[in-house]
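Student: I would like to go through this model with some questions on its cores, strands and helices.

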Amino acid sequence: MTGTQRVLVVDDDQTVSDVIRRYLENDGFQVSLAADGAEALEAVEREKPHLVVLDLMLPRISGLQVCRQLRVRPDGVPIVMLTARGDEADRILGLQLGADDYLTKPFSPRELVLRVRSVLRRAAGGPAPERPEALTDGGLVVHTTSRTAHLAGRELALTLREFDLLVHLMRHPSRVFGRAALLEQVWGWNFGDHSTVTVHVRRLREKIEVNPADPRRIVTIWGVGYRYEPTHA
């Protein structure tokens, strides 16, 4: 991605917004602010940001509603959520709605900058991979360079993390990964909430499995983790 990257920060706490803006601008981003959900949706439409930093506790329209509405947009703008400590249910729901990453308040502004850069790097696709460009399993075809996936000829609407998780599992068929390992190898986190992985696996199954309640591709190995089993169908 070329040029200055635009980030929209959505938080009704002016102090938090100002701190985030200062750190992001010092790192070279162009930053705009919104104080509530309605203003955020208007700003996304008007400014076309490359990424949205979104607090879930917002007046007028909640952050969860904003996340839901952004996820139906064709541009698929990446979202980094901000949640209050202890709001696990809202955090999981936000991930289910398609947020790409999250931080729990209070957080390090520098860590937020690193998370923003990581999500944007994944959104841009990075350099072309050395591995084969297409991963195929029966009717499931994943193109790693264009970051697109099709099932039975129909394009799948995958978030950044869902796509990365699917590629990682497909590249290591029949290998079991624990949630901590997936969190480190796919998210790049050495620590974090393992439920993040659980939520993304669930969402991914809903998109690639014939029966998500009885998955045949992404199989749970109880007490250990997950394994991708090619269908060869």
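Tutor: Before the questions, one term is needed: contact means heavy atoms within 4.5 Å. The model is predicted.

Student: Leaving aside neighbours within four places in sequence, which residues is Ile218 in contact with?
Tutor: Neighbours within four places in sequence are set aside. With the 4.5 Å cut-off between heavy atoms, the list for Ile218 is Leu169, Val201, Leu204, Arg205, Ile208, Glu209, Tyr226, Arg227 and Tyr228.

Student: Which members of the largest nonpolar core touch the most other members?
Tutor: In general, nonpolar side chains tend to be buried together in soluble globular proteins. The largest nonpolar core here holds 24 residues. Those that touch the most other members are Leu140, Val142, Leu166, Leu182 and Ile218.

Student: Which element supplies the largest share of this core?
Tutor: At least two residues each come from β7 (140–143), β8 (148–151), α6 (160–171), α7 (179–187), α8 (195–208) and β12 (225–228). The largest share is 6 residues, and the element that supplies it is α6.

Student: Is strand β5 largely enclosed or largely open?
Tutor: Strand β5 covers residues 101–105. Buried means under 20% relative accessible area. Since 4 of its 5 residues are buried, β5 is largely enclosed by the rest of the structure.

Student: Which residue in β5 is the bridge partner of Val80?
Tutor: Strand β4 (residues 79–84) and β5 run parallel and are joined by 5 bridges. For Val80, the bridge partner in β5 is Asp101.

Student: How is α5 oriented relative to α6?
Tutor: Helix α5 (residues 109–124) packs against α6 with the axes 10 Å apart. Ser118, Val119, Arg122 and Ala123 of α5 meet Leu160, Arg161 and Asp164 of α6, and the crossing is left-handed. The angle is about 65°. That makes the orientation of α5 to α6 roughly perpendicular.

Student: Is Gly188 buried or exposed?
Tutor: Gly188 sits in the loop between α7 and α8. Beyond neighbours within four places in sequence, Gly188 is in contact with Arg122 and Leu183. Exposed requires over 50% relative accessible area. The value for Gly188 is 53%, so this residue is exposed.

Student: What separates the C-alpha atoms of Gly188 and Arg115?
Tutor: Along the chain, Gly188 and Arg115 are 73 residues apart.

Notes: Residues are numbered from 1 along each chain as its sequence is written. This is a predicted model: local features need pLDDT of at least 70, side-chain atom pairs count only at pLDDT 80 or more; totals for chains, interfaces and linings use all residues. Side-chain values use heavy atoms; hydrogens and water are left out. A nonpolar core is a set of buried Ala, Val, Leu, Ile, Met, Phe, Trp, Tyr and Cys residues joined through side-chain atoms within 4.5 Å. Buried means under 20% relative accessible area, exposed over 50%, partly exposed in between (1.4 Å probe, protein chains only). Two strands pair if DSSP finds at least two bridges between them. Axes are lines fitted to C-alpha atoms, for helices over the stretch in contact, and angles run from 0 to 180 degrees between N-to-C directions. Angles under 35 degrees count as roughly parallel, over 145 as roughly antiparallel, 65 to 115 as roughly perpendicular and the rest as oblique. A crossing is left-handed if the near helix is turned anticlockwise from the far one by less than a right angle, and right-handed if clockwise.
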